[in-house]
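Subject: Structure handover and notes

Dear colleague,

Please find below the structure I promised to pass on, together with its sequence.

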Amino acid sequence: MNQIIFDCERMKYINTGLYYFCLNLGKALLQNSRREKIAVFIPNRVAASFGPSVPILPQQSLQKFFMPSVSQYQLWHCTYQNSNYLPRRNRKIKVLLTIHDLNFLYEDKSASKKARCLSHLQENINRSDAIVCISEFTRNDVLTHCNVGNRAVHVIYNGTNGLTKPVLEEKSYRPAVPFLFNIGAIARKKNQHQILPLLQSNPSMELVLAGRHEDKSYAHYIRQQASELNVDDRTHLINEVTEGEKSWYYHNCQALVMPSLAEGFGLPITEAMSVGKPVFLSKHTAMTEIGKDLAFYFQDFNNMHDDFQSGMLHYRKAGSRIQEAMKAYSATFNWEDAARKYLDVYRSLLG
């Protein structure tokens, strides 16, 4: 039986996209593996996430320099393209690298920083035996900007994260009026400040921004912009949320709004569609690939009000027809299918 390490190092950042990618894909892999024995490489504080019977290889920061013995394993699945945790010395173990995005190419970074990011990614590609990208857009970026040699480069879409029972806690923020929702790290690439003018043109609406403040200076900039536009009383940066809170905001929002400049997939797109909520997106990077014709798009950031109004009008006129189409489309992205495809890649590498 082949022994495999599933790398969950990024689960140290709870309530993030990478956290749920590892959690949901990992659980699906464990449920669907028959010929493989899978252990998880994971920080101790979240080691119980997969249950008591799953073998654990505890992750520690010193392992960036001195990896533990992994001689009993045949495959290391690195789930984060910028990882520093790879079996570089043991060349017998195969490595599968999942690449989520090359978002640094689209961010406001210096040419030297972009070059450093690309160089580190190329080092990880060089150590890998095969690559999985989470969208065709990401695959095209990898093939354009990296040297993959003769490695297979697969595309396996993420699943839609199932929403739990919608629950607000006593400490949770409860909107007083209809609201727009955005969930994800508060970061410049997410472009959340562009949503604020929609509050100016919709004075009876709030904005809920949920997510870790990855860029604190940008969070400050959003608050500053909200104040200048006189919408600060309706702009709520609520930081990270629980699964119950996230579900409540999806179920009760007027729409999901994502004017992102860079997305490798965009998990909130299919999450919102799973409950039939309208989704408004920019046309940057992978957004149109995932949203397809069931999402609404901002043509640019200057006429967002018109795009939003026409989209909401279309959504209301279509009624249950578009809602059911969204739910059905969202269901085509599921972690069981993703796990089976990953297992096929594992087996192709191990023979």
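Predicted model: local features only at pLDDT ≥ 70, side-chain atom pairs only at ≥ 80, totals over all residues.

Residues are numbered from 1 along each chain as its sequence is written, and side-chain values use heavy atoms, with hydrogens and water left out.

An open sheet of six strands runs in the order β10-β9-β8-β11-β12-β13 with parallel pairing, where strands (E, at least two residues) and helices (H or I, at least four) are DSSP runs numbered from the N terminus, and two strands pair if DSSP finds at least two bridges between them. Its edge strands, each pairing on one side only, are β10 (235–239) and β13 (296–297). Strands β8 (residues 179–183) and β11 (residues 255–258) run parallel and are joined by two bridges, with Leu 180 standing opposite Ala 255 in β11. Helix α6 (residues 243–252) packs on the sheet and touches β8, β9, β10 and β11 (contact means heavy atoms within 4.5 Å); the direction of α6 makes about 135° with that of β8, the angle running from 0 to 180 degrees between N-to-C directions, with axes fitted to C-alpha atoms, for helices over the stretch in contact.

The structure holds 12 salt bridges, each being a side-chain nitrogen of Lys or Arg within 4 Å of a carboxyl oxygen of Asp or Glu. One of them joins Lys 189 to Glu 107, with the closest N and O atoms 3.9 Å apart; because Lys 189 lies in the loop between β8 and α4 (196–201) and Glu 107 in the loop between β5 (94–99) and α2 (111–127), the pair ties together parts that are 82 residues apart in sequence. Glu 107 and Lys 189 also belong, with Lys 109, to a network of salt bridges. In helix α6, Lys 246 and Glu 243 meet at 3.4 Å, N to O, and are separated by about one helical turn, being three residues apart. Lys 246 counts as buried at 5% relative accessibility (buried means under 20% relative accessible area, exposed over 50% and partly exposed in between, with a 1.4 Å probe and protein chains only).

Arg 10, in the loop between β1 (2–7) and α1 (17–32), is buried yet has no salt bridge, the nearest side chain of opposite charge being that of Glu 9, 4.5 Å away (Lys and Arg count as positive, Asp and Glu as negative, and His and the chain ends are not counted). Leaving aside residues up to four places away in sequence, Arg 10 touches Leu 18, Tyr 19 and Tyr 80.

Best regards
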